[in-house]
Every structure is written in C-alpha cells, then in structure tokens.
Amino acid sequence: MKSAYLLLAALFSAPFVSAQINTIQTVAPDVYFNEGDPRHGHSNNGWIVFDDFVLVVDANYPSGARIVMPQVAATTDKPVRFVFNTHHHADHAYGNQLWADKGATLVATTAMLEEMKKVETGYFGSEPGRWEASAKVRPDVAETKLKPPTMLFPKDLFLDDGHHRVELHFFGVGHTKGDAYAWLPKEKILFTGDACVNGPHNNVADGDVAEWIKTLEIVKQLGAEKVCPGHGPMGGPEIIADQQAYFIALEREVKALVDAHKSPADVKAALPAIAASIKQDAHVARYVPANLTAHVQKVYSEMGGGLLPK
C-alpha cells in the first residue's frame, strides 16, 4: 500500500514541478513570464504588452528565443519593438539576431555593451572568445550571429504609453558590470535578469560579490511585490532578500577562514562544512550549488586569497 501511494505521489508531483517550464505565466494584465528550461541552458523571459508594441526582457539563446517568440504571439498580435538584454551572457543575449531579424531594437546598458566587447568576440573580432566556444557545442549558436544591442543607456531608460510604464535601471555592479533591471512601478513587478535567481543558478565569474550585496540593497528599496528572476520560478520579494542573504552568509563563512589565516588548501577542505553551515538557513539553502568551489573561490579572491588547489 505504501509503495502504491509513493508511486501515485511521484506521478502527480513530477508534472506539477515541471509544469511551469516553457509555460506562459500571467504576472499581471499585459505582463507575462516564461521560465526557461535549464536542461537547455535557457534563461527566463518576460514581456510587457504596450498599446502599440511589445517589450521583451532578454533574448535567451537562439533555441530559447524560438520557444518564446510564439508564446508572445499567442498573447498579442502587436509587434515586438524592443528586446532588453539585462546583461551580456550567452543565455540572455545570443538570441538577439532572431529578434532583430523580426524588426526589434536591441536595448541594453552601455556597460553591458562594453562587457560584450571584452568577451563575446564573434561580432567584434579580436581573439576567439565565448561566442566561438559556444558555437562549437551549440548548433543554435553556430547557425546564427552575435548581434550587439544598438539602443544604449548609461543608467535609466523609461518606456511609457500612458497605460504601462517600464523603467530600465542600472543600479550598480552585481552578476556582471552591466546588469540592468526592468521595473514596473505601477504593478510593482521586477524583472532582474541574473542579478537575482531562484535556486542554485548563480554564476559569479563576471561579478563582484561584495558589490552585488550592496546593489541588491538598493534593489530591495524598490518595494517589488512580484519578482521575475533570471533563472528559476518567479516569486515575491523574498527572492531578492534570499539572494542577498546567501551571499552575506557566503562572505561570513569565507571571512572566518581568512581571519583564521587558513591556507587555500584549508579553504578547499572546508567546502563541505561551508555548504552545510549555509544550508542551515532554510531561506538560503536553495542557493547552495552542488559544487561550491566557484562561489568560495570568488569570495576568497575578493578578500585577498589565492587560488584554491585543484
């Protein structure tokens, strides 16, 4: 009897867990969200339907864009006029060409474009970089071209048709040096890109954890009631608070080792203990990845530490 119950529970719970992936979710009237499929590296997307056009949040990978485009068309017959890149990473900007080919203008911060120029060399020339590396393993990237944003803003850009208002803001360094957010003040909805995620999805390679914590403190002051992260399911303001709390806990654990003058080898040996300690807080446990090395290395380096042994 018990085994039969467990089987039924698995059958009913599994679809529920994955039901939101690649499903149109209505956040508010004319505001939509799609949770990308992590098995394909896809980011989340959002879109806002204005009187005469649509603003899409993030371009995704090309394969992700091909999923989201018909979703947008299913909610409105208005054209996608703007696609906003929250930052330069592949899963948020490599689908740019597909949207541009349909007539959309690509929007981002000036800092985002500078970061793209440094590392995404498929368009800008120079030495091979991330675009070329991705094209070797992803057919959807190989069959397209890197398309940079053409409508740039240094700090703020507002779109307002009298019914809907979306504010694009750069608040400071976080996940990257060019992160920006889409804020809907009337609905109190925030699209964060990867500056906030919901789950073990944080990539810290191009960020600055110490600055990230400060930037998230500014973001919290917006008073968002609905938060659409770059990866993982949407939720409420707890996503911002928990994201920040995870990094604060990570810094605390690493600082204790630095203050104790532990060697890089000692820090690496302490990885399981650091993970276990952070997981004691139920609010941030979901942010701890299976392998904590990259996160600890980043914070350790920011605190003056060396490279952890391989």
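This is a predicted model: local features need pLDDT of at least 70, side-chain atom pairs count only at pLDDT 80 or more; totals for chains, interfaces and linings use all residues.
Reader: Are Asp 160 and Arg 165 buried, partly exposed or exposed?

Author: A residue counts as buried under 20% relative accessible area and as exposed over 50%. Asp 160 has a relative accessible area of 45%, and Arg 165 has 26%. Asp 160 is therefore partly exposed, and Arg 165 is likewise partly exposed.

Reader: How many salt bridges does a search of the whole structure find?

Author: A search of the whole structure gives a total of 13.

Reader: How far apart in sequence are the parts that the pair of Glu 143 and Arg 66 ties together?

Author: The side chains of Glu 143 and Arg 66 form a salt bridge at 2.9 Å, N to O. Glu 143 lies in the loop between α8 (139-142) and β7 (151-153), and Arg 66 lies in helix α2 (residues 62-75), so the parts tied together are separated in sequence by 77 residues.

Reader: Glu 143: buried or exposed?

Author: Its partner in the salt bridge is Arg 66, which is partly exposed at a relative accessible area of 40%. For Glu 143 the relative accessible area is 53%. The cut-off for exposed is over 50%, so Glu 143 is exposed.

Reader: Arg 138 and Asp 140: buried or exposed?

Author: The relative accessibility of Arg 138 is 16%, and the relative accessible area of Asp 140 is 8%. Buried means under 20%, so Arg 138 is buried and Asp 140 is also buried.

Reader: Why is strand β3 largely enclosed by the rest of the structure?

Author: In a regular strand the side chains alternate between the two faces of the sheet. Strand β3 (residues 45-49) is largely enclosed because its buried residues number 5 of the 5.

Reader: Which residue in β4 stands opposite Trp 47?

Author: Strand β2 (residues 31-34) pairs with β3 in the antiparallel sense over 4 bridges, and there Tyr 32 stands opposite Trp 47. A hairpin of 4 residues leads from β3 to β4. Strand β4 (residues 54-57) also pairs with β3 in the antiparallel sense, over 4 bridges. In β4, the residue opposite Trp 47 is Val 56.

Reader: Which are the edge strands of the open sheet of 5 strands?

Author: The order in this sheet is β8-β9-β10-β11-β12, and the pairing is mixed. An edge strand pairs on one side only, and this applies to β8 (156-160) and β12 (226-229).

Reader: What is the bridge partner of Leu 190 in β12?

Author: Strands of a sheet pair through backbone hydrogen bonds, either parallel or antiparallel. Strand β11 (residues 189-193) and β12 run parallel and are joined by 4 bridges. The partner of Leu 190 in β12 is Val 227.

How values were computed: Residues are numbered from 1 along each chain as its sequence is written. Side-chain values use heavy atoms; hydrogens and water are left out. Buried means under 20% relative accessible area, exposed over 50%, partly exposed in between (1.4 Å probe, protein chains only). Helices (H or I, at least four residues) and strands (E, at least two) are DSSP runs, numbered from the N terminus. Two strands pair if DSSP finds at least two bridges between them. A salt bridge is a side-chain nitrogen of Lys or Arg within 4 Å of a carboxyl oxygen of Asp or Glu.
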